[in-house]
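Subject: Structure for you to look at

Hello,

My notes on what was found in it follow below.

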Amino acid sequence: MITHDLFLPLPLPILSLGTMLLLGSIAWHRSLTRSLAIGFFTLVLALGGLNYHLGSPQVEGASLFVHDRWGNYTALLILLSSLCILLMSWRDLHHDKTHPMDEYPLLLVLGTLGAITMVFSTNYLPFFLGVEIQALSLMGLVASRPYYFAQATEASMKYLILSGVSSAILLFGIGLAYATTGSLYFSPPPASPDNTIPAIATIMILVGVFFKLSAVPFHMWLPDVMEGSPPPVAAFMAVVSKIAIFSSLVRYFGTEETPVYLHGILFTVIILTILGGNILALRQTNLIRLLAYSSIAHVGYLLIAFFSPGQLRSEAITLYLAAYAASTLGIFAIICAFSWAENSNGSHIPKWKGLFYTRPFLATTLSLMLLSLAGIPPGIGFFAKFEVAATGVERQQTLLLATLVVGSIIGLYYYLYVIRTLMGAQNTPSLPVKEGHSPELTTLIVVLTLIVVVGGIFPARMIPQVLPSPTSPQNGLINDPVHEPENS
Amino acid sequence: MNTLALLSGSLTLLGAIMVITRRVAVHAVLYLVVTLLALATVFALLGAPFAAVLEVIIYAGAIMVLFVFVIMMLNLGQPDREREKEWLRPRIWGGPALLSTILCAELIYSLSTLPQQTDSFSPLSARDVGLSLFGPYVLMVELVSFLLLAGLVTAFHIGRHRMENR
């Protein structure tokens, strides 16, 4: 039979089964609490199944999926982030009794399935299917806002069109790569001086990936879509989908040097992304838009580490992804802790004035997260940025390092602007806080703050060796691939 | 051969542009049928007859019926007879008819100039496609089903809100 050909990491079938269970449960009787609970347990089970897989791995190039440390680590980040996002949206979903939104957990689990598929795939087919599953479910999630429905649909439409364009470019590149190599294996086609088609294919695939990552010439959609979508979904877009596509990018080019003909493009895109993201964030008055631009800038920093393969690259990327995910999720959890009145947009920054006097706990945690994103010592973000800079130093990327410094200085201005607003004298009525207490949000904020602070003090504990270093491939390291303080 | 492929390709492009610029859904569907037929011709000329046949049977056939059915279900209100008269003016179906006539002429021309092949070899049969879909690529078939599920749930989710907000 065909079963001996199959090989897939266990989180994939768990998430698929969870989706089927959710479908059955919704078809039988709509109950939001039960759907959310099933979604929650599916994600927890998938987290537990990370180290296992079905079937036996095949020879290189023949299989569709791979199960290695890099995939495991990014899948762990994705699953933990999805759990956080599910907890964040718990309260918002229960708020509106007239529109039970059972589809929300279903689409969240489906989106996570797409992201996990991308992370584990070593073939163009599952990679592209993962990208599309995630994009389609994200489209539904963006439009899942009971109020502001018109804006949410508009954001969803924008996302549909731009994600369609980027998928078309990606698919064209994949087609050209298949035409030259005759294989769907997930790696750049070998280029030769007399044949430009492999180079064109690689560039088109890279452009598609940059669209999804929202690197600067292709970044316009992200702030608009994130502003129109509910805050937890914006967090999903900023964290889960970026980690998934970045993980695929690293897997695509492997641990070796990127091809020479890409250096100019990568160089330009990195500089534009860091400067563009930071400069555009300067004048924002909406916290979610500001976070969108800051996430564009962070993609730029990550790309520096991607572009400088060396001994330090694995550590830098690992730490940076964890730091970025924890800090961004923390800020979104705090945004979710404030109520969203029917007629006012709660993410308007001037409305947060004087928060230190009215809600000292939330204001302190928000400041910690922002400082971590800015790269200031108490947070984990400092060490992450330090590691990224170290990779640049290792490979003598002087211009990129200068851009990193300039970008960080600009970034400091707008992060500190938010904190200054929080400290401002309270002469305006501050944001209405959600009535009653929400234990899940408080727990989430406390846990994420602990990760950010403890990770900032003991960063070495958070660095597992997940990518083999390019010069001396040491795959036999014995340390636990998924050892993370987040599990405790 | 090259000219024919280019002609079919430009017909596909023309049809696709007409699809997204029509205001009435039925008119767009007419052009969409032509687009899909032209695309099938491109496939056939590139040496993928099986993909061409699938394109005609599934897309131009089954999915178009579904489109028309949904359009008829959603456009309630106007009496049917007036609506049909409004939709089916010669001005409307003239364009798609012209494009499909060109396609038909192309088909007849390429059939008449077909080289006589004695050994009728088939590069890829339905059996091969089925065996590889449900052999090594069975996981991909399952993933595609989840992709369709995501699309379905999303469409239902957005559509339900629209209906409630009316």
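Two residues count as in contact when their C-beta atoms, placed from the backbone, lie within 7 Å. By that rule, and leaving out residues up to four places away in sequence, Val142(A) touches Ala152(A), Ala155(A), Ser156(A), Tyr159(A), Val225(A), Gly228(A), Ser229(A) and Val233(A). Please keep in mind that this is a predicted model.

Confidence. Chain A has a mean pLDDT of 83, with 86% of its residues at 70 or more. Within chain A, helix 4 (residues 103–120) has the highest confidence, at a mean of 93, and helix 13 (residues 355–358) the lowest, at 80. Over residues 471–488 of chain A the pLDDT falls below 50, although this stretch has 26 contacts in the model beyond near neighbours in sequence. Where pLDDT is low, the predicted coordinates should not be read in detail.

Cores. The largest nonpolar core holds 171 residues, and Val142(A) is among those with the most contacts inside it, along with Ile78(A), Tyr320(A) and Ala333(A). Helix 12 (residues 313–336) of chain A contributes the most to this core, 17 residues. A second, separate core has 16 residues, including Leu30(B), Leu37(B), Ala40(B) and Leu45(B).

Helix 7 of chain A. This helix covers residues 197–213, and at 1.5 Å a residue its 17 residues should span 24 Å; the end C-alpha atoms are 24 Å apart, so the two agree. Helix 7 of chain A is mostly covered, with 13 of its 17 residues buried. Just after helix 7 of chain A, Ser214(A) takes a positive phi of about 55°.

Regards

Technical notes: Residues are numbered from 1 along each chain as its sequence is written. Chains are lettered from A and ligands numbered from 1 in the order in which they are written. This is a predicted model: local features need pLDDT of at least 70, side-chain atom pairs count only at pLDDT 80 or more; totals for chains, interfaces and linings use all residues. pLDDT is the predictor's confidence in each residue, from 0 to 100. Helices (H or I, at least four residues) and strands (E, at least two) are DSSP runs, numbered from the N terminus. A nonpolar core is a set of buried Ala, Val, Leu, Ile, Met, Phe, Trp, Tyr and Cys residues joined through C-beta atoms within 7 Å. A residue is buried if 20 or more other C-beta atoms lie within 10 Å of its own, exposed if 12 or fewer, and partly exposed in between; C-beta atoms are placed from the backbone. The expected span of a helix is 1.5 Å times one less than its number of residues.
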